[in-house]
Amino acid sequence: MHVPILKQGDYLIATIQSVLSDADLLQLRDDLADRVGQFRSRGVIIDVTVLDVIDSFATRTLRGVAHMLKLRGAETVIAGIQPDVAFAMVQLGLTLEGVGTALDLEEGLAFLNAKTKRGGSVWRGPIPSRSAPKAPLDAQIRKANRRRK
Amino acid sequence: MSTFNEELCVPIKSDSDIVEARQKGRALAIQLGFSGSDPTVIAAAISEVARNIVNHATRGEIVLSGIHESSRLGIQVLARDEGPGIADIEQAMQYGYSSGKGMGVGLPGAKWLMDEFDIKSQVGKGTSVTMRKWVR
Ligand SMILES: Nc1ncnc2c1ncn2[C@@H]1O[C@H](COP(=O)(O)OP(=O)(O)OP(=O)(O)O)[C@@H](O)[C@H]1O
Ligand SMILES: [Mg+2]
């Protein structure tokens with residue numbers, strides 16, 4: 001499953017749209033490396049909202065992506081890790097140490113703006129609702145399970 | 001302890017089978033009554049043992065089944081292969097130990113995620129990991 005990468009000003013936004021195999025994840029890594037060079041991007045957001053599981057391989061790959069892009073001059077932020085996915089990661093003893101994380105795309109953009117101290121990128125996509133309160137953890141997990149059934 | 005309903009057997013030979021095995025495991029877990037973060041936790045454990053088959057043994061299978069014991073329900077995940085086997089299981093179970101370029105998280109991590117964990121291996125014969133989790 002190919003992951004589309006959107007250019008948004010100085011940033012790239014990769015939105016994962018379905019569960020990914022290991023090969024898909026490695027493809028995303030290579031695509032991002034190419035694009036960051038091509039567009040001289042300063043920041044990258046990887047939206048992982050729909051990922052069913054972030055296991056040891058996915059963690060290692062995401063950390064590798066972030067470190068590699070850093071060497072290419074771009075900050076990476078992983079957005080949208082679901083509460084149950086985060087819970088399983090913690091139990092596996094996995095961390096995304098050294099990688100930026102954000103609740104959602106909007107926070108990811110704020111993170112990059114702060115990190116790259118430009119504030120130059122304007123989000124032209126649909127406006128994420130800022131005021132909508134987050135559902136309680138239980139409801140979020142139930143929703144995530146329904147989505148992936 | 002006995003198993004019920006059909007055993008679900010997922011052959012594992014490539015990385016896309018890992019995804020299939022954990023998705024079937026998640027679906028079975030939900031069907032058995034697991035809730036909250038448990039279906040994801042079970043899927044994560046399946047992902048780790050299935051990947052070990054692909055990475056360390058080339059091919060094998062994951063067998064998923066519902067189990068019950070007295071009045072409790074659970075899920076059993078059996079991962080088996082006829083790969084090279086593991087010479088030193090104690091070492092393999094150590095957090096951070098990997099014979100390859102992994103992080104050495106898979107086996108100890110899967111054990112933490114599940115309620116019961118048993119690994120048997122014979123060099124040259126293969127490896128089988130049996131894991132169980134009970135509905136709370
Ligand atoms: N099915 C198997 N067949 C043969 N050897 C195995 C198998 N599963 C695990 N091992 C051995 O046990 C070691 C530890 O496994 P574990 O899953 O903990 O770490 P890893 O697979 O090396 O790395 P990670 O899972 O963090 O990516 C492996 O490096 C490998 O040598
Ligand atoms: Mg492993």
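**View 1. Around ligand 1, the shell divides into seven nonpolar, 10 polar and three charged residues.** Ala, Val, Leu, Ile, Met, Phe, Trp, Tyr, Cys and Pro count here as nonpolar, Asp, Glu, Lys and Arg as charged, and the others, Gly among them, as polar. This is a predicted model, with local features needing pLDDT of at least 70 and side-chain atom pairs pLDDT 80 or more, while totals for chains, interfaces and linings use all residues. Residues are numbered from 1 along each chain as its sequence is written, chains are lettered from A and ligands numbered from 1 in the order written, and side-chain values use heavy atoms, without hydrogens and water.

**View 2. Chains A and B share the site of ligand 1, because residues from both surround it.** Among the 20 residues around the ligand (a heavy atom within 4 Å), B:Asn52, B:His56, B:Ser98, B:Ser99 and B:Val105 come nearest.

View 3. A nitrogen of ligand 1 has a polar side-chain atom of B:Asp81 at 2.9 Å, and a polar backbone atom of B:Leu107 is 3.0 Å from an oxygen of the ligand.

**View 4. Now for the stacked rings of B:Tyr95 and B:Trp112.** Theirs is the one aromatic pair over all chains (ring centres within 6.5 Å, the six-membered ring for Trp; stacked means planes under 30 degrees apart). The centres are 5.2 Å apart, with 25 degrees between the planes.

Terms used: Polar contact = N/O pair within 3.5 Å; in protein donor to acceptor, adjacent residues only side chain to side chain. Phe/Tyr/Trp six-rings, centres within 6.5 Å; stacked < 30°, edge-to-face > 60°.
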